[in-house]
Amino acid sequence: MTTDSTETVFGTEQVRRARFAIAAVFTVHGAVTGSFATRVPWIQDHAGVSAGQLGLALAFPAIGASLAMPLAGAISHRFGARTALRGLLALWTLALVLPALAPGLLTLCAALFVYGATAGMSDVAMNALGVEVENRLDKSIMSGLHGMWSVGALIGSAAGTLAAHLGTDARLHHALAALVLTALGLLACRGVLDLRSEPDEEPPPRFTLPPKSALVIGAVGFCAVFAEGASLDWSAVYLRDVMDTSAGLAAASTTAFALTMAVARIAGDKVVDRFGAVRTVRVGGVLATVGGVLVVAAPSAVLAMCGFGLLGLGVAVVVPLAFAAAGRSGPNPSQAIAGVATITYTSGLIAPSAIGSLAEATSLVVSFGLVTVLAFGLVLGAGVLRAGDRRATPSPDAGATKAAPAEPRP
C-alpha cells in the first residue's frame with residue numbers, strides 16, 4: 001500500500017499481516033548470518049589467511065555496519081520504508097556470496113566490509129519497521145522478532161553444517177542460499193507497512209552522531225551484547241579448559257546457550273506485556289548476574305552450563321527492548337536506532353577479543369568475572385528503557401492508524 005500523505009489509514013488486519021511479514025524479514029536476515037558463520041573455515045582456507053589475519057578480516061563487518069547504518073534513515077525517507085527495506089535486504093542477502101569469492105586478505109576485508117554495511121543498513125530498516133508495527137498493535141513484539149532472527153540463524157547454520165559435511169564448495173552453497181533468501185526476502189517485504197514521509201518533511205542527515213538518548217540506552221545494550229558475545233564464543237573453551245570437559249560436552253554448551261536465547265526471545269513478548277520493559281530487564285539482569293556467579297564459582301561442569309543458560313536467559317530480551325526504547329526516545333527514531341545498533345555492534349566486536357586478552361593476562365575465570373559485573377549493570381541501568389515501556393506509555397494508535405513517515409514515530 002503506497003501512501004503519499006497522512007490521510008491514509010492502516011487497518012488493524014493490515015497491521016497484523018505486517019507483523020508476520022516483518023517477522024519473516026527478521027528470519028531471512030538471521031539465516032544469512034547463520035549461512036556465513038558455518039563456512040568461515042572454508043573461506044579462511046580459500047583466501048589463504050592465517051588465524052590472525054582472519055581475526056582482522058572479521059572486524060570489517062562491524063566497521064562497515066557502523067559506518068553505513070546512519071544512512072538507513074535517509075534511504076527510507078527518500079524511497080519509503082517498504083521500498084528501502086526491499087532494496088537493502090536484497091543487497092544483504094546477495095552480499096552473502098562475496099566473502100567466499102575472495103582470493104586473499106585484502107579482497108576478503110573488502111568483501112566483509114560490504115557484507116557488514118548491507119547487514120547494518122537492513123538491520124536498522126527492519127527494526128524501525130518492527131517498532132512501528134509494535135506501536136500500532138500496542139503490544140510488545142520486538143523480542144519475538146529478534147527470536148525469529150535467532151531461528152533464522154539456526155536454520156542457516158543447520159543448512160551450512162550440512163553443506164560443510166557434504167564437502168560442498170562454499171561458493172556454490174552461498175550462491176544458492178543467496179538466491180533462495182533473496183526471493184524469500186522480496187516476498188516477505190511485500191507485506192510490510194508502506195510508510196512514506198510527508199512531502200515537506202526534512203530528510204534526516206546522512207551522517208550524524210547518535211543522540212544522547214541512544215548513548216544511554218546503548219550502554220544497557222552494550223552490557224547485554226558483551227555478555228552474549230562472550231558466552232557464545234567462549235563458553236565451550238571455558239568448559240574445556242577450566243572445567244576439563246570433553247570437546248562434545250563443551251560444544252553442546254554453546255548450542256544450548258543459543259537455543260536458550262532463541263526460546264527466551266520468542267516467549268519474551270508476553271513477559272514484557274505483563275511486567276513492562278524496565279522490570280523485565282531488571283529481573284533479567286538478576287538472572288544473568290546469578291548465572292555469571294555460577295560460571296565463575298561452579299565446582300562442576302553441570303553448574304557452569306546452568307550458569308551459561310541463566311546468562312542467555314537474562315540477556316535475551318535486552319537488545320530488542322533497547323531498539324524499542326530507541327524508537328520512542330525522540331524525534332528521530334531511525335537515528336536513535338542506528339546509534340543503539342552501532343553501540344551493540346561494537347560491543348559484539350570487542351567482547352570476544354577483550355575476554356581473550358583478559359584471560360591471557362589473568363584467567364578465563366577472571367574474564368567471566370567482568371561479564372558478571374556487566375550483567376549486574378543491567379539491574380542498575382534498566383530504568384533507561386522506560387521510553388520503550390508501553391505499559392507506562394501506551395500507544396494511542398492501536399487498531400486503525402494513519403500512515404506515518406518512513407521513520408517510526410514515538
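Me: Which residues form a nonpolar patch on the surface, and what is their accessible area together?
Reply: The model is predicted. In it, a nonpolar patch on the surface is made up of I63, L67, L98, L101, F113 and V114. Taken together, these residues have an accessible area of about 460 Å².

Me: Which elements give two or more residues to the nonpolar patch?
Reply: The patch includes I63, L98 and F113 among its residues. Its contributors of two or more residues are helices, namely α4 (60-68), α7 (98-101) and α8.

Me: How many salt bridges does a search of the whole structure find?
Reply: Pairs that meet in a salt bridge include R136 with E132, E228 with R265, and R240 with D241. These are among the salt bridges found by a search of the whole structure, which number four.

Me: Are R136 and E132 buried or exposed?
Reply: The cut-off for buried is a relative accessible area under 20%. R136 has 3%, so it falls below that limit. E132 has 4% and therefore also counts as buried.

Me: What parts does the pair E228 and R265 tie together, and how many residues apart are they in sequence?
Reply: The side chains of E228 and R265 meet in a salt bridge of 3.6 Å, N to O. E228 belongs to helix α11 and R265 to helix α12, so the bridge ties together parts whose separation in sequence is 37 residues.

Me: What are the relative accessible areas of E228 and R265?
Reply: Both values can be set against the limit for buried, which is under 20%. E228 is buried because its relative accessible area is 16%. R265 is buried as well, at 6%.

Me: Are R240 and D241 buried, partly exposed or exposed?
Reply: R240 and D241 meet through their side chains in a salt bridge of 2.8 Å, N to O. The relative accessibility of R240 is 44%, so R240 counts as partly exposed. D241 has 47% and is likewise partly exposed.

Me: Where is D138 found, and what is its phi?
Reply: D138 lies in the loop between α8 (105-137) and α9 (142-165). With a relative accessible area of 26%, D138 is partly exposed. Although D138 is not a glycine, its phi is positive, at about 60 degrees.

Me: Is D244 buried or exposed?
Reply: D244 is in the loop between α11 (212-241) and α12 (247-275). Its phi is positive, near 60 degrees, in a residue other than glycine. The relative accessible area of D244 is 68%, and exposed means over 50%, so D244 is exposed.

Me: How many disulfides does a search of the whole structure find?
Reply: A disulfide is a covalent bond that joins the sulfur atoms of two cysteines. C189 is buried, at 1% relative accessibility. C223 is also buried, at 13%. The number of disulfides found in the whole structure is zero.

Notes: Residues are numbered from 1 along each chain as its sequence is written. This is a predicted model: local features need pLDDT of at least 70, side-chain atom pairs count only at pLDDT 80 or more; totals for chains, interfaces and linings use all residues. Side-chain values use heavy atoms; hydrogens and water are left out. Helices (H or I, at least four residues) and strands (E, at least two) are DSSP runs, numbered from the N terminus. Buried means under 20% relative accessible area, exposed over 50%, partly exposed in between (1.4 Å probe, protein chains only). Patches are made of residues with over 30% relative accessible area and no salt bridge: like charges are joined within 9 Å, nonpolar side chains (Val, Leu, Ile, Met, Phe, Trp, Tyr) within 5 Å. Accessible areas come from the Shrake-Rupley method with a 1.4 Å probe; for residues, only the protein chains shown count as cover. A disulfide is a pair of cysteine sulfur atoms within 2.5 Å.
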